[in-house]
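Thanks for coming, everyone. I would like to walk through one model today, going from its sheet to its aromatic rings.

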Amino acid sequence: MENKIKRIAVLTSGGDAPGMNAAVRAVVRTGIYYGLEVYGVMRGYQGLIEEDIFKMESRSVANIIQRGGTVLKTARCKEFYTYEGRKKASETLQKRGIDGLVVIGGDGSFRGATLLGQEFGIGCIGLAGTIDKDIAGTDYTIGFDTAVNTAVEAIDKIRDTADAHDRLFIVEVMGRDAGYIAIYSGIATGAGNILIPERKTDMESVIAFLVERERRKKLVNIIVVAEGDEFGGANEVAKYVKERLPNIDTRVCILGHIQRGGSPSALDRLIASRMGYHAVESLIHGRHNVFIGILNNRLNYVPLDSIGKQKGHINEEWIKIMKVLAY
Ligand code: ADP
């Protein structure tokens, strides 16, 4: 294998996602396997600007594959939005002789990496670490599967108490711009309605659905709402339902940050390991400024500067399945 590069660095940036540690581990171990020096950067771009960076060994990443969060910590870094901030970050890399940078984060982090590449010629590779699965060009993002499983586990529990009291529960899951967590967790738990940012929320049809359910004495109801639903999230939906159907015992449950935490699922560990491994291979082969996606089980190298939200691309098939199965 051609091997012109000697030193690489890895950081985690933006919103944390379970499986980021598995990705860091894969980058470090693959780099060392190929004889590279690997550096860890603390707190994302902030650590790059402040030179908070250390050499990692194979042992530095022992016992982390199963841990949620990120051992490298993550941050949102205002300074990195400025040219001066990015210049400082590039100086840290140049000073240390680092030839390539692996950025594990969401689309915001990828935009930062794109500029670092364009302005200072730093070779960057992106790994999609985001629970929202809101990046086009990949079937998987690190953390999504775990977040869905966490939501499913929680909604199953809510269903037990909803059943005991014949209640309607309106459950809010994460997804400011993307409805994937809502769709997947809603279908997997048999929710009656799933409200997502990508679709206009038709509250009249939600009300009609609830009235029909009541008529058929199907009293246990779960509605899953993505936090970014354009009607305004679970509290707004509940307010509307209570006004229109005051006889229904309606409760709200906002799942919140539990969806970010916890031990990554086997799938997230596997895709993080695969993506981390290929990130280093890519750098070694001189393929820069791409992020590594997996499409139809094949690697997909997507130019970082083409990054765009996959908003609006929810598969119609899922919407149909949800409607048919909720009847
Ligand atoms: P995520 O990566 O999860 O989408 P953010 O959007 O907060 O999270 O991005 C993480 C960090 O990436 C930001 O705090 C900032 O430092 C950097 N970043 C995001 N967008 C840009 C941009 N347009 N230009 C430069 N840096 C950016």
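In this predicted model, 4 strands form an open sheet in the order β7-β8-β6-β9, with parallel pairing; strands here are DSSP runs of E with at least two residues, helices are runs of H or I with at least four, both numbered from the N terminus, and two strands pair if DSSP finds at least two bridges between them. Because β7 (193-195) and β9 (250-254) stand at the edges with a single partner strand each, one side of each is left without a neighbour in the sheet.

Before I go on, a note on conventions: residues are numbered from 1 along each chain as its sequence is written. Local features need pLDDT of at least 70 and side-chain atom pairs count only at pLDDT 80 or more, while totals for chains, interfaces and linings use all residues, and side-chain values use heavy atoms, leaving out hydrogens and water.

Within the sheet, β6 (residues 168-173) and β8 (residues 221-226) pair in the parallel sense over 6 bridges, and L168 stands opposite N221 in β8.

Turning to the rings, the structure holds 8 aromatic pairs, where rings of Phe, Tyr and Trp (its six-membered ring) pair if their centres lie within 6.5 Å, and planes under 30 degrees apart count as stacked, over 60 as edge-to-face and the rest as tilted. One of them is the tilted pair of Y83 and F120, 5.3 Å centre to centre with 35° between the planes; since Y83 lies in helix α3 (residues 83-95) and F120 in helix α4 (residues 107-120), the pair ties together parts that are 37 residues apart in sequence.

Finally, ring pairs link F144, Y180, Y184 and W318 into a cluster.
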